[in-house]
Amino acid sequence: MIRIAHISDTHITGESAYKGYAYDLIANEVNRLNFDLVIHTGDVTNNGLREEYERAEYELKKIQKPLIVVPGNHDVRNVGYELFEDFIGELNGVYEFKDGVLIWVDSTIPDLSDGRIGKHKFRWLKKKLEEYSDRRIKIVAAHHHLVPLPNTGRERNVLFNAGDVLDLLLRNDVTLYLCGHKHVPNVYRVEDLVVDNAGCTSCRKTRRGDVNSYNIVTIHDDGKVEVTIRRVTGDEVRVEHKPVKPKLFVPRGERILRIVQLSESKVSDRVYFRKRVLENVVNLINNRLRPDIVIHNGDVVDMGIERNFQRALKLWRKINASKFVVPGHSDMTYLGYELFPEYLGEPKPVELGDFTFIPVLTPQYETEIGVVGRFGQRKLAKQLDESGKFRVVFMHHNVVPIPRSRERGFLEDAGDVLKLLTGKETELVLTGHGGNAFAVKVENTIIINAGSVSWELHRNPFGNSFNVIDVYPCMVIAFEVQATWGSRRLLGVWKLKGPRGGVS
Ligand SMILES: [Fe+2]
Ligand SMILES: [Fe+2]
């Protein structure tokens, strides 16, 4: 067992931004309670200045426990990364303990608030995870968050390669990811990885009127991870996660639903549109896969002009199954706002047997960045509450970062939308932005992104593809199907809570 005090964002400075009494309160408590290790996930100082580092050195000495400090974007301002090494320590490193290892990584970019674990460091992290693969507990710490956070306003998923990092941590069975940065305490379980965000320990800039806090993390010998968000008011929120291993499940009972999920067909007369591949997919759907439902997650056409919609409709009509479609950002260019509903219909919620299919509109005029909006979120919350069935939410923009894409927060309120979807325990969320297939379970919500079905400009080493999602009474299995060859690759297998009914 290991007990960690996770502090963050102290923002030590001479100015009023810093709340010294909150720092002392938390530092005293950390000393008094039983902790093996203290981790500070960055923004130790407010501006990376020498005077701030001098004060930080003095303040950090108050903590009388083994202490690891990770640099934050504020620490590297004004070439503060050099001072960090002089006053605090290594920017990247490894700390070994009984049964485990902690690897901390500098995710900062000089003078920017955004984060990045760049190619050399990414390789270093990968190598370290391989080197310590036999350790039962693997912890990675960095300043920037990995999964969008609620209550952060215009969410930017600021680790540019968050999708690659998330994928790396999942593939290497990392137990825990520790971060700070947004001053919002939060815990997410992403598959068996616990993503622990600390709030801010001693900065005035809390959000939504919150107070200062730190997190208490306990990793038990049986693998259970417990995180308590402890506020200076004494209020506590406790979350725990028990790993689901072993991960091999066998479906029981008849299949109750099969969905074929497509995205980014991008019908057009540009050379990047691979018409024959899309025609092949339509044949596969009609003759071999025979799904109950086909869902197209948007970017049906490459540009919102009439000729493209005419051609798309022709192909779309050839699919025999029931079909649902939501617009993507490229459908909404030019006259797309008028043409999409005219040709493909206005997306509406549909009930089929024991399932509710809920479309969410995310694109805006002339930008890749999507939004649901506060009004849209309230509508979605109501739809999720009223259903009482197995809910399938589908939209274009992704809510979790996708590997091999530069993540810039493709849904500007992704943090709030993800919290809403997971908070309501939505069963299945389908997205289609980013040009790569990816699937993860966040809390109890399965999230599946589709790659591009027929557009040559994608980011998927498997090629053009689409997903097949099979729902059984107690589980969901998702495959990615190569659009030309029909070969399959497993995206994930997840257990469902309680048995479910069928589509008819
Ligand atoms: Fe901060
Ligand atoms: Fe920060």
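**Strand pairing and an iron site**

User: How do β16 and β17 pair, and over how many bridges?

Analyst: In this predicted model, strand β16 (residues 293-296) runs parallel to β17 and pairs with it over four bridges; strands are DSSP runs of E, at least two residues, and helices runs of H or I, at least four, numbered from the N terminus, while pairing needs at least two DSSP bridges. Residues are numbered from 1 along each chain as its sequence is written.

User: Which residue of β17 does I295 stand opposite?

Analyst: I295 stands opposite F324 in β17.

User: What sheet are they in, and which strands are at the edges?

Analyst: The sheet is open and mixed, with six strands in the order β17-β16-β15-β24-β25-β26, and its edge strands, each pairing on one side only, are β17 (322-325) and β26 (488-495).

User: Switching to the metal, what coordinates the iron ion (ligand 2)?

Analyst: D43 (OD), N73 (OD1), H143 (NE2) and H181 (ND1) coordinate the iron ion (ligand 2) at 2.1 to 2.2 Å, where donors are N, O and S atoms within 2.8 Å of the metal (3.2 Å for Na, K and Ca), and sites may look incomplete because water is not among the atoms.

User: And what does D43 bridge?

Analyst: D43 bridges the iron ion (ligand 2) and the iron ion (ligand 1), which lie 3.4 Å apart. D43, in the loop between β2 (37-40) and α2 (50-60), and H143, in the loop between β8 (137-141) and α5 (162-171), are 100 residues apart.

User: Are D43 and H143 buried or exposed?

Analyst: Both D43 and H143 are buried, meaning under 20% relative accessible area, with exposed over 50% and partly exposed in between (1.4 Å probe, protein chains only).

Terms used
Chains are lettered from A and ligands numbered from 1 in the order in which they are written. This is a predicted model: local features need pLDDT of at least 70, side-chain atom pairs count only at pLDDT 80 or more; totals for chains, interfaces and linings use all residues. Side-chain values use heavy atoms; hydrogens and water are left out.
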